[in-house]
Amino acid sequence: MTDARATARTNTARTNTARANTARANPAHKNAAHTTIEFFGGLGVIGSSKIEISHGGGESGRVRARVQLDMGLEIPNGDDLMAAPVGLGSRPGRELADLLRIGAAPRIPGLYDPRWLRAGVAADGAADLPADFTADVADDLSADLPADLPADPATDLATDIATDAATAELLEPAAGPHALFISHAHLDHMGLAGFVRPSVPIYATAQTVALLRALHASGDGVLGAEPDWRVIEFGELVSVGEITVQALPVDHDVPGACGFLVTTPDGRVAFTGDLRFHGDEDYLSHDFAERVAGVDVLVTEGTSLSWEPLGDRPAGEHDIVERFRATLETQRGLVLLALYPRNAARALQFRYAASRAGRTLVWSGQIAALFARLGWSDVVTWDESRPQASAHLKAIAAARADGFQLTTVSLNDVHAQPDRFVVMPDPHDLPSLLDLPIVPGDVLLHSNGQPLGEFDAWWRPFTAWLDRLGVELRFLGSSGHASADDLHAMIERIAPRVVFPIHTFSPRRLQVPTGVRRVIAEYGVRYSLDGDAQDPDSALGTADALGAADAGRRG
């Protein structure tokens, strides 16, 4: 797996000098306009979903509409150059340029906000500067700069562009109507959205937007600038040129998750986002499958296919809450919890279960502020008797300044009655565990929280601290992803003509019924709705047209 990832990163670093953002007329090809799909992430990895559906070509040779589905980061692991302890926050204002240089963000002309690009984002390549790029850049530079962004005046930016052909390519004006749609509020689906230029609208469901805004206000926003999120209601049709996009709810482990039904002049494309069929709202995923049945193309996540054996159906949310409740009733002393706060529904159920067991659930400052902003009452965090990182203190102060109420407890309260509390420690401040009344035999319940697992750079120090303190690690999670059996049943129910499995280490493990074509996508290749790789000499694939093949572009 490591060799494959290294090869992909090497390919990514190659500059795509042939691709232009405008599909120019080619006298040798007078084909009818047609729709293509290209993948800029999610191939052979879990996460990093980035899909582009374009319609254009024909007599004009121009792209008439571009729809991006998701704009995710890769899930960090030991192979990633930006994984801890490096981190993406070490060079504020240069995150996108750094990601582009190491091949961890895709090179998509016309998509990125010029303010986040710096000279030298690529080491080689040569391309003529688009004659009309300056007006497009000026429009996007008119937006307010983030307060902490080292801003380059437009004149300096133009100088940078003139000496950096690869940057110039990324800054080319967008061809035709263009929009980005986010399926849900997980970083591997929306973590790069803050680098998208303001002229490209970004849509997400109302619950997703509410969560993302609360995260931003709590100091946990996206990299780059906070987007001007636009709400797409479930079932609403949004037109992007000749393409329409409809958001359909699915069950996942985060509020507001959806898949998309994209209707183009050449056929329909469905994208699952992330979904499952074993959660409390499994009916949403079943309804999604019914709604998109018979589509021409299905792009599906395949997370659960990544490991052997494929495993049984995961536990449901109700089972997890019951096991949590049972642990609280039998466990003496303090109970620790690792839960992913974006799974707000589970967090709320755990809080109710703790309360019924006579315990108070204590959150770190940022998480407490997040839940208060999501409308919770009686959210509990630490008072000044327990030191917290500055990010937590800032989040608490900001929430209170905005009128949100937070309840606090002291270290003395917890030391006096540890069996009356459940504490969620900060996984990035492990020495703070020493503040707590932990004794050998206490437990930490890991419920899909951080660190996420053995691939996470924080996992080894996390488990080492638990071992030293004598804390038993128990897993109490439920996957947000459909089991292999449920994925295969979904494919049979939808019966698409073509299916692209992504968001998995092992796409070839997806088995399809007779009559369904499975395509294992490759980076730098555009596909028709029949699943055919497009001839690089076609109207959308010539050397100077949108869609020129380049195996190096991915993220």
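The following questions and answers concern a predicted model of one protein chain.

User: How many helices and strands does the chain have?
Analyst: Buried residues make up 57% of the 555 residues in this predicted chain. As for its secondary structure, the chain has 21 strands, and its helices number 15.

User: What percentage of the contacts between residues at least 6 apart in sequence join residues at least 24 apart?
Analyst: The count takes in contacts in the chain between residues at least 6 apart in sequence. Of these, the share joining residues at least 24 apart is 73%.

User: Which residues have the most contacts inside the largest nonpolar core?
Analyst: In soluble globular proteins, nonpolar side chains tend to be buried together. The largest nonpolar core here has 88 residues. Its largest share, six residues, comes from α11. The residues with the most contacts inside this core are F324, F350, W363 and M490.

User: Which residues does M490 touch, leaving out those up to four places away in sequence?
Analyst: M490 is among the residues with the most contacts inside the largest nonpolar core. With residues up to four places away in sequence not counted, M490 touches T272, L275, F277, A289, L298 and T300.

User: Are helices α11 and α12 roughly parallel or roughly antiparallel?
Analyst: The axes of α11 (residues 365-373) and α12 (residues 390-401) come within 7 Å and cross at roughly 25 degrees. Angles under 35 degrees count as roughly parallel. The two helices, α11 and α12, are therefore roughly parallel.

User: How do the residues of the contact of α11 with α12 divide into nonpolar, polar and charged?
Analyst: The crossing of α11 and α12 is left-handed. From α11, the contact is made by G365, Q366, A369 and R373, and from α12 by A391, H392, A395, I396, A398 and A399. These residues divide into six nonpolar, three polar and one charged.

User: Where is P451 placed?
Analyst: P451 is joined to Q450 by a cis peptide bond, with omega about -5 degrees. The place of P451 is in the loop between β17 (443-447) and α14 (459-469).

User: Is D70 buried or exposed?
Analyst: D70 is not a glycine, although its phi is positive, about 70 degrees. It is found in the loop between β3 (62-69) and α2 (95-101). Its relative accessible area is 0%, so D70 is buried.

User: What is the relative accessible area of H503?
Analyst: H503 has a positive phi of about 60 degrees and is not a glycine. The loop between β19 (498-502) and β20 (517-518) holds H503. H503 is buried, with a relative accessible area of 1%.

Note on methods. Residues are numbered from 1 along each chain as its sequence is written. This is a predicted model: local features need pLDDT of at least 70, side-chain atom pairs count only at pLDDT 80 or more; totals for chains, interfaces and linings use all residues. Side-chain values use heavy atoms; hydrogens and water are left out. Axes are lines fitted to C-alpha atoms, for helices over the stretch in contact, and angles run from 0 to 180 degrees between N-to-C directions. Helices (H or I, at least four residues) and strands (E, at least two) are DSSP runs, numbered from the N terminus. Angles under 35 degrees count as roughly parallel, over 145 as roughly antiparallel, 65 to 115 as roughly perpendicular and the rest as oblique. A crossing is left-handed if the near helix is turned anticlockwise from the far one by less than a right angle, and right-handed if clockwise. Contact means heavy atoms within 4.5 Å. Ala, Val, Leu, Ile, Met, Phe, Trp, Tyr, Cys and Pro count as nonpolar, Asp, Glu, Lys and Arg as charged, and the others, Gly among them, as polar. A nonpolar core is a set of buried Ala, Val, Leu, Ile, Met, Phe, Trp, Tyr and Cys residues joined through side-chain atoms within 4.5 Å. Buried means under 20% relative accessible area, exposed over 50%, partly exposed in between (1.4 Å probe, protein chains only).
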